[in-house]
Amino acid sequence: MSKPLEGIKIIDFTHVQAGPACTQLLAWFGADVIKVERPGSGDVTRSQLRDIPDADALYFTMLNSNKRSLTLDTKTPEGKEVLEKLVKESDVLVENFAPGALDRMGFTWERLNELNPKLIVASVKGFSDGHHYDDLKVYENVAQCAGGAASTTGFWDGPPTVSAAALGDSNTGMHLAIGILTALIGRGQTGRGQKVAVSMQDSVINLCRVKLRDQQRLDRVGYLEEYPQYPHGEFTDVVPRGGNAGGGGQPGWVLKCKGWETDPNAYIYFTIQGHAWEPICRALGKPEWISDPNYATAQARQPHIFDIFATIEEWLADKTKYEAVDILRKFDIPCAPVLSMKEIANDPSLRASGTIVEVPHKERGSYLTVGSPIKFSGLKPEITGSPLLGEHTDEILAELGYSKDQIAHLHAARSV
Ligand code: COA
């Protein structure tokens, strides 16, 4: 099966999560991704949160599959020369260094563009260029706070809360991948590369779009009817934290199932979708609610929505989350069990679809990773293990035209 990005060469000057998540995705789809790492240490995630002494940590292996690793000290003259050769032969350079780091290394956009006018230079930064915080170094949770996610996540009587989902990191990487693919199509039209920049703050804001919707509704009418604060609680002039309320027009909540006292994930998410009200009443054995004026419309239900949830929890008390969903699915009710990571790791459907994959690794043995969430009819991405530090250095230098002696010299000078 041919891979659509075959023939696209990417200099992967990324580290930690946001950049590596982007280039890993492009590698799955066929790009030749050359991860450039500092000799001796490499990407910091190789040694972060290690579970096996001296072996690459899962943090690294799960974000760098399907890539080749080239060690290169790009601050030495020889290292710079290697990078320049690589730039001349590549289609894309992706980086997520701190603001100004690439410039300090001598590889400004102007210089890169001069070396290869067709090169696409793609960057992740914490804040966009010209933003009053554009000098800041940024990690995941900083971006979630600056992007509106933290102020709108959690319970109203608790502090702003960050999400476990990597909204600042991997999400930004996915935005960057879309930018790179767009620039590649653009290059096909103009013959020229361009700069593609995505900030972590902007990527989080993009996912918090509905909260900006809510801010404007709140400004106009003073309340948000789908939030738990309505109609009994108070609203201020900012979008409040809504706990587990649904983000759209459908009220929903996380509800206890059998065993919740000891199992932290014995819950389902239950959505009261307007047009599913009748089947919901039938599923719950409450046919009298269908025509009762206190229950018949979404507006009538809202003042006592938590009493309705409490009644559903009574119905759930003798059912596991799986049993409950098996009953509710027959009534077309949007719901799902709250799954633990252990359940996800062992889910046969996720294994069959390639979303959870087991890949071999030279030092670790096999490990689980998340495969491509994007499914194609004409491509089945094959996920391979991540490279060891510098595993492909000599191979890549030889491809760039370096002789054996020259490669030995680069090693001796510790430039690779
Ligand atoms: N050879 C030589 N030097 C190298 C190198 C190589 N192969 N790879 C990196 N370096 C140098 C950089 O040039 C930089 O040097 P300088 O500070 O003298 O200019 C230095 O290593 C450190 O890079 P930096 O990016 O500042 O790393 P950091 O560990 O201090 O900061 C981040 C890490 C993630 C906070 C920062 O890179 C950042 O804010 N990135 C943008 C946002 C982002 O992607 N955040 C992380 C999301 S997962």
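Helices and strands are DSSP runs, numbered from the N terminus; a helix has at least four residues and a strand at least two. These element numbers are used throughout this account of a predicted model.

Asp54 sits in the loop between strand 2 (32–37) and helix 2 (58–61). Its phi is near 70°, a positive value in a residue other than glycine. Most residues other than glycine have a negative phi. Asp54 counts as exposed because its relative accessibility is 66%, and exposed means over 50%.

A second residue can be described in the same terms. Asp332 lies in the loop between helix 13 (321–328) and strand 9 (335–337). Phi of Asp332 is near 65°, again positive in a residue that is not glycine. The relative accessibility of Asp332 is 65%, so Asp332 counts as exposed.

The backbone has another feature to note at a proline. Most peptide bonds are trans. The bond that joins Tyr230 and Pro231 is cis, with omega at about 5°. Pro231 belongs to the loop between helix 9 (209–221) and strand 7.

In His15, a polar side-chain atom is 3.0 Å from an oxygen atom of the ligand. Leu72 uses its backbone: an N or O atom there lies 2.8 Å from a nitrogen atom of the ligand. In Arg104, an N or O atom of the side chain is 2.8 Å from a ligand oxygen atom. Taken alone, the ligand exposes 940 Å², and the protein buries 84% of that area.

Empty space inside the protein was examined last. Rolling a probe the size of a water molecule over the atoms shows where empty space is left. The count comes to 1 cavity of 30 Å³ or more. About 70 Å³ of space lies in the largest cavity. Its lining includes Glu226, Tyr227, Pro228, Trp253, Gln302 and Phe309. Strand 7 (252–256) and helix 12 (305–316) are the elements that give two or more residues to this lining. Helix 12 supplies the largest share, 3 residues. By class, the lining of the largest cavity divides into 8 nonpolar, 3 polar and 1 charged.

Note on methods: Residues numbered from 1 in each chain as written. Predicted model: local features only at pLDDT ≥ 70, side-chain atom pairs only at ≥ 80, totals over all residues. Heavy atoms only, no water. Polar contact = N/O pair within 3.5 Å; in protein donor to acceptor, adjacent residues only side chain to side chain. Areas by Shrake-Rupley, 256 points an atom, 1.4 Å probe, with all protein chains shown as cover. 1 Å grid on protein atoms, 1.4 Å probe; cavity = no way out; pocket = protein on both sides within 12 Å on 5 of 7 lines; lining within 4 Å. Points joined across faces, edges and corners; volume = space filled by probe spheres on them. Nonpolar A, V, L, I, M, F, W, Y, C, P; charged D, E, K, R; others polar. Buried < 20%, exposed > 50% of the residue type's maximum accessible area, 1.4 Å probe, protein only.
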